[in-house]
Amino acid sequence: MSQRFLRAVAPALFCALASVAYANLQDANENDDAKTPVSAQAQAADDDSSLEALEAQANPMTLKAIDLYIEGNVDGAYALFKQVYEENPDSDPPGILIATLHSHAGRFLDMRRALEKTAEDYPFDPEAFIQLAEIDAQEGRYLEAELLVERAEILTQDYKKIRPESTTRAESFKEQTLTARANLAEKKGHYDLAEEFVKKIVALNPENAQAQWDLGYLAMKLKKFDAAEEAFDAAAKLNPQLWAGWLQTLSFLDREDRVDEARARLDAKKEKIQNASKSELAQLARLYLRWEMIDEAVAIVKEFEEKNEDRDMERWLLSGWLALYANDYLAAEQNFRNAVLIDPNSFEASNGLALALLDQSNKEKLGQAKIIAARNYRDYPDSEEAATTYAWVLFLSGSAKEADAIFQPMLESGNLSASAAYYLAEIANVRGDADLAQSLLILALSQKANFPKRAAALELKEIVEEILNPKDPVKEDFDADPDFGEVPEPEEF
């Protein structure tokens, strides 16, 4: 779901709709769109047309409840959601919807409290237990998650008896509990077990695009590349916004920093590249940049430029990245500004613009970058990329403590992107911790994929190594071969 909380309608509405938590829909039991999950990579709720369509379908009380929440009247929103629940057997309990709204507002402690309250007020309903299990699994509390899933499975068996008039919602719980099982197994690194759970979901609902995509993801984890492509292709057939399997596989390998494997598989994809869609070519160009295949990336960008379409989002985004990798920050700024004009809500465009602005040693532009990065950090709280850009802008702006508050948990996690590791190395170097700076630079440069600051990281590495191993001029003079000039022949006696 979109994390841009304040739009024409709160995105939480669509989380509610995805859970069939609304009433008075026309032919609700025939509405497949409301029941079909979508991948996080291509979510219809982010499209204005989908926003309008879903808003038109929703119960007016649901919309009013969301308005009350936005105004700060949580109790009023709860009361309206409760009325919807009592009138519609396929609605979620009110606390579930309040928890959804808290989540999109970034109020995660309130979200958990709302779920716990729902579990107390509606102990026969599996939903709260499933969501609490997901949270515990995400936070590493696997035993607690396991117990909650078991509880949800028991409740699922009896739910139809308690609410016999329920249709779509009762049918969804088995899929949800299997999904929770799969997620828990995946978090614990048991990919083969997770795959078995997802296969059961697909058997229950072959039209579940998210489950098909998850099968591809798990096959990738298990290094079953051909099976992964097949599953990703199945997901793309159900959701045309998703990339074809070959590109999903390459992109996944890239995220895993398995560049050599990705490039080896790329060599066999020439025919598919020729028939690729525009969005697929754009993603391929991004991969080319990360794999230092600059000429190939430029060729795709030129192809877009030749069409000379001012409203071509991908043209401006790719041109921006090309300029950013080339350290041409003014050109990058202009290209990303053009992209932002086309879509002000594009994270890629706004984050790229912030990166272009902050590197120009201009106080005014740094201030602009700070505003953009702060907004992205607020709207995308789970994005490491958003957090990294904002923390670096804060440091450059003199707000070191605020930057540390973001960077420190990332450092402690031990799972840093190359860019984050580089920025932290810069900070460590400024603070005189050359050992830490060197370790971070080794981490950043050990990642095979290219990143915009690789050249700067190499330069900093030389500086740090000189600090740690300074040259001794006296020793150098002593070790050097002596130059005695021309030695005269000895005189004869």
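Me: Is Tyr159 buried or exposed?
Reply: Tyr159 is buried, at 1% relative accessibility. Buried means under 20% relative accessible area, exposed over 50%, and partly exposed in between, using a 1.4 Å probe and protein chains only. This is a predicted model, where local features need pLDDT of at least 70, side-chain atom pairs count only at pLDDT 80 or more, and totals for chains, interfaces and linings use all residues. Residues are numbered from 1 along each chain as its sequence is written, and side-chain values use heavy atoms, with hydrogens and water left out.

Me: How many aromatic pairs are there in the whole structure?
Reply: The search turns up 12. Phe, Tyr and Trp rings (six-membered ring for Trp) pair if their centres lie within 6.5 Å; planes under 30 degrees apart are stacked, over 60 edge-to-face, the rest tilted. Tyr159 and Phe173 are edge-to-face because their planes are at 85°, with centres 5.0 Å apart.

Me: Which helices do those two sit in?
Reply: Tyr159 is in helix H8 (residues 142-162) and Phe173 in helix H9 (residues 168-187), so the pair ties together parts 14 residues apart in sequence. Helices are DSSP runs (H or I, at least four residues), numbered from the N terminus. Phe173 is buried at 0% relative accessibility.

Me: What about Trp213 and Tyr217?
Reply: They're stacked, 6.2 Å centre to centre with 10° between the planes. Trp213, Tyr217, Phe232 and Phe252 form one aromatic cluster.

Me: Switching topic, what sits over the ring of Tyr85?
Reply: The charged end of Arg163, 4.3 Å from the ring centre. The cut-offs are NZ of Lys or CZ of Arg within 6 Å of the ring centre and within 35 degrees of the ring normal.
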